[in-house]
Amino acid sequence: MKLKRFYAKDFRNIEEVDITFHEGVNLLFGSNAQGKTNAIEGIYLFARGKSFRKAKESELIRFGCEGFRAEITFETSLGEETLSYAVYGSERKRMKNGYKIDRISDMIGSFRAVLFTPDHLGLVKDGPEERRAFLDVAICQCKPYYLSAYTNYKRALEQRNCLLRMMGKGMPVDINEVYAWSRSLAEYAAPIYLERRDYIQRLEKHARVTMREISDEKESLTLHYKSDIDYDGDELQEIKKAYYDLFVSDIPREAQNMGTLFGIGRDDMEILINGRRARAFASQGQQRSVVLALKLAEGEACLELSGEYPVFLFDDVLSELDERRRAYLLSKRKDRQIVITSCEKKEIADFSESLICVKEGSFTPQGEGL
Ligand code: ATP
Ligand code: MG
């Protein structure tokens, strides 16, 4: 998959841009606060369906303007595709190849990208929530149905929690309703469990290679899926049963807690280096290696699942990596397209096919093949 063009109007500090990308490495360089991350945010909007900076839609509109419009054109093995996203006042319009789409889930999965920002460098030491979010965002792009399973799960969870709260407060509740919602919850949890487990196995396979290569064969990476159920098989019915048994195992305690105590909301991906828990023991350098390995593995997993490499968006991460890891990241590119942002032009320019200078929200190409 190759990003060909990004157009934006009144998006963040960008008045209007129309950037064309090379199918190799594209470097967006410029001083601080010029609009580099804004461009990455605009492009990734189409992979994630919303801003990766946890911004509200209204915050994406250029100060003093009525709305924004963003559009990307990208090439897949099936041909060229266009996605656009516009917000004006209370109206929002998303289009795919010229047709209006109503739901975000109809957009996610079309344009696939791996985003790597300095925020991800905390992934090893962060709480399980961050690692679950990493998995969910990555899986959603390759398995569009995952998002609807996840949304259904959350809805069922809310209903179940509402009943448990009522029970906790001593209000009358029909216990059969709690059983019914436990059944729904188990129904939605099972495919999520299977996808997460499968995805972690894929990630591990690829991330282990990177980890070994950047550590001169010294560091061995292991990823474990930690979940509330213990089942190795692939039988969906068995997994549903295991979750259902769990959900009905201690309803009185859950009522006391006024909420569900089990389920996929407690999952984690445990990271081990040479058999030791990275969250407790990894050094700064090792943490960076793990995240780098995970991000490259995310691309490989996407290739396996969708048949094409995603577009790699590296926002300001090169300055966070030492020379060796930086060279590794840039030299392992094969036929992958990369869009990198950096304040520095010098060292990265040698690896780049396209240089774009970013200044006060304008983007000026510096010529190709430099
Ligand atoms: P750095 O190298 O520091 O990461 P950057 O080039 O990535 O810088 P951006 O994060 O893209 O910078 O932000 C550029 C500018 O955009 C900031 O000065 C910010 O105040 C401005 N900005 C953010 N949102 C809006 C908006 N809605 N309207 C106008 N300007 C905005
Ligand atoms: Mg930035």
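How far is an oxygen atom of ligand 1 from a polar backbone atom of Gly35? The distance is 3.0 Å, and Figure 1 sets this contact among its neighbours.

This is a predicted model in which local features need pLDDT of at least 70, side-chain atom pairs count only at pLDDT 80 or more, and totals for chains, interfaces and linings use all residues. Residues are numbered from 1 along each chain as its sequence is written, chains are lettered from A and ligands numbered from 1 in the order in which they are written, and side-chain values use heavy atoms, with hydrogens and water left out.

**Figure 1**
The shell around ligand 1 holds 16 residues, of which Ala33, Lys36, Thr37, Arg53 and Ile61 come nearest (a residue is near if one of its heavy atoms lies within 4 Å of the molecule). Helix 1, residues 36-48, gives the largest share of this shell, three residues (helices are DSSP runs of H or I with at least four residues, strands are runs of E with at least two, and both are numbered from the N terminus). By class, the shell has four nonpolar, seven polar and five charged residues (Ala, Val, Leu, Ile, Met, Phe, Trp, Tyr, Cys and Pro count as nonpolar, Asp, Glu, Lys and Arg as charged, and the others, Gly among them, as polar).

An N or O atom in the side chain of Thr37 is 2.7 Å from an oxygen atom of ligand 1. For the side chain of Asn32, the corresponding distance from an N or O atom to a ligand oxygen is 2.9 Å. Ligand 1 exposes 660 Å² when taken alone, and the protein buries 76% of that (Shrake-Rupley accessible areas with a 1.4 Å probe; for residues, only the protein chains shown count as cover).

**Figure 1. The largest pocket.**
The largest pocket contains about 1,400 Å³ of space. On a 1 Å grid over the protein atoms alone, a pocket is an open set of points with protein on both sides within 12 Å along at least five of seven lines, a cavity is a set where a 1.4 Å probe fits but cannot get out, and lining residues have an atom within 4 Å of a point. Grid points are joined across faces, edges and corners, and a volume is the space filled by probe spheres set on the points. Of the 45 lining residues, Arg48, Lys50, Ala133, Asp136 and Val137 lie nearest the centre of the pocket. Helix 1, helix 3, helix 4 (145-168) and helix 9 each supply at least two lining residues.

**Figure 2. The second largest pocket.**
This pocket has a volume of about 220 Å³. Its lining has 13 residues, with Tyr193, Arg197, Gln201, Tyr225 and Asp232 nearest the centre. Helix 5 contributes the most, five residues.

One cavity of 30 Å³ or more is found in the whole structure. The largest cavity holds about 40 Å³ of space, and its lining includes Arg112, Gln141, Tyr199 and Glu298. Strand 8 (113-116), helix 3 (128-142) and helix 9 (284-306) give two or more residues each to this lining. Just after helix 9, Gly307 takes a positive phi of about 90°.

Methods
Polar contact = N/O pair within 3.5 Å; in protein donor to acceptor, adjacent residues only side chain to side chain.
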